[in-house]
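The tour begins with a pair of packed elements and ends with the whole chain.

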Amino acid sequence: MSTPWTPQFEEALRAHLPLLPAEQDLVPHARLATLGLDSLATVQLLVGMEDALDVLIPDELLTPENFATPAALWTAVGGLLAPQP
């Protein structure tokens with residue numbers, strides 16, 4: 001399956017989704033809460049994303065909507081990445 005995000009993004013996200021089996025594809029519109037992302041894991045995910053992607057996620061992107069699905073989160077943080085040559 002082709003995904004719109006980087007492998008680093010998916011790896012960082014999967015680390016915080018305890019209910020997503022390793023062999024299961026992470027689909028863009030899966031509900032992260034259904035996959036085990038709770039409020040504490042969201043904070044840990046935020047730090048993990050910043051480290052994995054080498055970005056600083058601004059406060060205005062810290063909304064429940066941006067942490068609802070992988071696609072929403074990628075839309076929020078993907079634009080923060082430095083352009084690749």
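In this predicted model, first select helix α1, residues 7-14, together with helix α2, residues 39-53; the two pack with their axes 9 Å apart and at an angle of about 155 degrees. Because an angle over 145 degrees counts as roughly antiparallel, α1 and α2 are described as roughly antiparallel to each other. Their crossing is right-handed.

Next, display the side chains at this contact. From α1, select Q8, F9, A12 and L13; from α2, select L45, G48, M49, A52 and L53.

Now move into the loop between α1 and α2 and select H16. Is H16 buried or exposed? Its relative accessibility is 17%, so H16 counts as buried, the cut-off being under 20%. Leaving aside residues up to four places away in sequence, the residues that H16 touches are G36, L37, A41, Q44 and L45. L45 also belongs to the α2 side of the contact with α1.

Finally, zoom out to the entire protein chain. It has 3 helices and 0 strands, arranged along the sequence as α-α-α. The C-alpha trace spans about 35 × 30 × 20 Å along its principal axes. The radius of gyration is 12 Å, which agrees with the value near 12 Å for a compact globule of 85 residues. Colouring by accessibility marks 41% of the 85 residues as buried. Of the contacts between residues at least 6 apart in sequence, 53% join residues at least 24 apart.

Definitions and conventions
Residues numbered from 1 in each chain as written. Predicted model: local features only at pLDDT ≥ 70, side-chain atom pairs only at ≥ 80, totals over all residues. Heavy atoms only, no water. Axes fitted to C-alpha atoms, helices over the stretch in contact; angles between N-to-C directions. Helix = DSSP H or I, 4+ residues; strand = E, 2+ residues; numbered from the N terminus. Parallel < 35°, antiparallel > 145°, perpendicular 65-115°, else oblique. Left-handed = near helix turned anticlockwise from the far one by under 90°. Contact = heavy atoms within 4.5 Å. Buried < 20%, exposed > 50% of the residue type's maximum accessible area, 1.4 Å probe, protein only. Rg over C-alpha atoms; globule rule 2.2 N^0.38 Å.
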